[in-house]
Structure formats: structure tokens, C-alpha cells
Amino acid sequence: MDLADRYINNESVKRMLQSDQVALAGKTVVLFTKDGGQHNNLHDMQCMWYELASDESYFRHGDFGRALEKFIAVEKHYADITEDQFDFHSYCLRKIKPRAYVGKLKFKDWLHSHAYFHKVAAGAIRS
């Protein structure tokens with residue numbers, strides 16, 4: 001595998017997770033993190049596609065506890081995004097950026113209707 005081609009490597013990791021090869025996918029995906037070997041980096045980078053795909057794989061294996069734990073971790077990303085938006089209110093008002101502020105308000109309306117959020121909610125309910 002060419003370590004410089006992240007697209008092909010990400011696609012191969014997705015296919016590994018679809019075929020329930022979680023351990024191999026985990027070893028492969030950490031090759032592309034900054035420190036090269038820490039799953040916490042993926043969580044810190046809010047790499048939701050990997051977390052959701054691994055959650056689904058855990059669920060298919062019947063490891064409901066781990067799947068629920070990971071689904072809740074992805075939901076925490078959405079809580080962090082929502083919390084980070086509070087700082088933007090005062091920034092926009094202080095710097096008088098009405099266009100950015102309106103865009104932020106539209107983003108807030110859209111955030112919890114994102115497909116990943118729906119997958120997380122459905123997965124957590126199933127687990």
C-alpha cells in the first residue's frame with residue numbers, strides 16, 4: 001500500500017471495516033495520523049467516518065457495549081461543535097460581521113440534521 005496516497009488508504013480502511021476486520025483497519029488507519037499509532041488522534045481530529053464505520057462493525061460483531069461507547073464518543077463531537085459556537089456569538093458581535101453570523105446561525109440549524117448525527121442516534125438506540 002502506498003503510504004502517500006491517503007484517498008486509496010482511506011478507501012481500503014472503509015472496506016476493511018465493512019468486512020468487519022476492525023483490528024486490521026485500526027492498524028492501517030493509524031499509519032496516517034500525525035503521531036502514527038494513536039487512536040486518540042483520530043478522536044481528537046473528529047474523524048467521524050472512521051468512528052462510525054468501526055461502531056457499525058462492532059455492532060455487527062455483537063459487541064454492543066463497545067459500539068455504544070463509540071457512538072457516544074461521536075455524539076460528543078457534535079456537543080463540542082455546539083459548545084464551540086458560543087464563542088463565535090461574541091466574536092461576530094464584537095467584530096460586526098453580520099454575514100458570518102447569519103451563516104453560523106444557519107449552520108446551527110443544519111448541524112443536528114447531518115447524516116452522521118442521524119447514524120449516531122440510530123446506532124446508539126439500537127445498542
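Modeller: Both Tyr78 and Phe117 are buried, a term for residues under 20% relative accessible area, with exposed meaning over 50% and partly exposed in between (1.4 Å probe, protein chains only). The model is predicted, with local features needing pLDDT of at least 70 and side-chain atom pairs pLDDT 80 or more, while totals for chains, interfaces and linings use all residues. Residues are numbered from 1 along each chain as its sequence is written, and side-chain values use heavy atoms, leaving out hydrogens and water.

Biologist: Why does Tyr50 count as buried?

Modeller: Tyr50 has a relative accessibility of 6% and therefore counts as buried.

Biologist: What makes Trp49 and Tyr50 an edge-to-face pair?

Modeller: Rings of Phe, Tyr and Trp (its six-membered ring) pair if their centres lie within 6.5 Å; planes under 30 degrees apart are stacked, over 60 edge-to-face and the rest tilted. The structure holds three aromatic pairs. In one of them, the ring centres of Trp49 and Tyr50 are 6.1 Å apart and the planes stand at 85 degrees, so the pair is edge-to-face.

Biologist: Why is the pair of Tyr78 and Phe117 called edge-to-face?

Modeller: Their ring centres are 5.1 Å apart and their planes are at 70 degrees, so this pair is edge-to-face. It links distant parts of the chain, since Tyr78 belongs to helix H5 and Phe117 to helix H7, 39 residues apart. Helices (H or I, at least four residues) and strands (E, at least two) are DSSP runs numbered from the N terminus.

Biologist: Which residues have the most contacts inside the largest nonpolar core?

Modeller: A nonpolar core is a set of buried Ala, Val, Leu, Ile, Met, Phe, Trp, Tyr and Cys residues joined through side-chain atoms within 4.5 Å. The largest has 23 residues, and Val13, Leu17, Val29 and Tyr50 have the most contacts inside it. Its largest share, six residues, comes from H4.

Biologist: With which residues is Val13 in contact, leaving aside its neighbours within four places in sequence?

Modeller: Contact means heavy atoms within 4.5 Å. On those terms Val13 is in contact with Ala25, Thr28, Val29, Trp49 and Tyr50.

Biologist: Is Asp20 buried or partly exposed?

Modeller: The relative accessible area of Asp20 is 26%, so Asp20 is partly exposed. Asp20 lies in the loop between H1 and H2, and has a positive phi of about 60 degrees although it is not a glycine.
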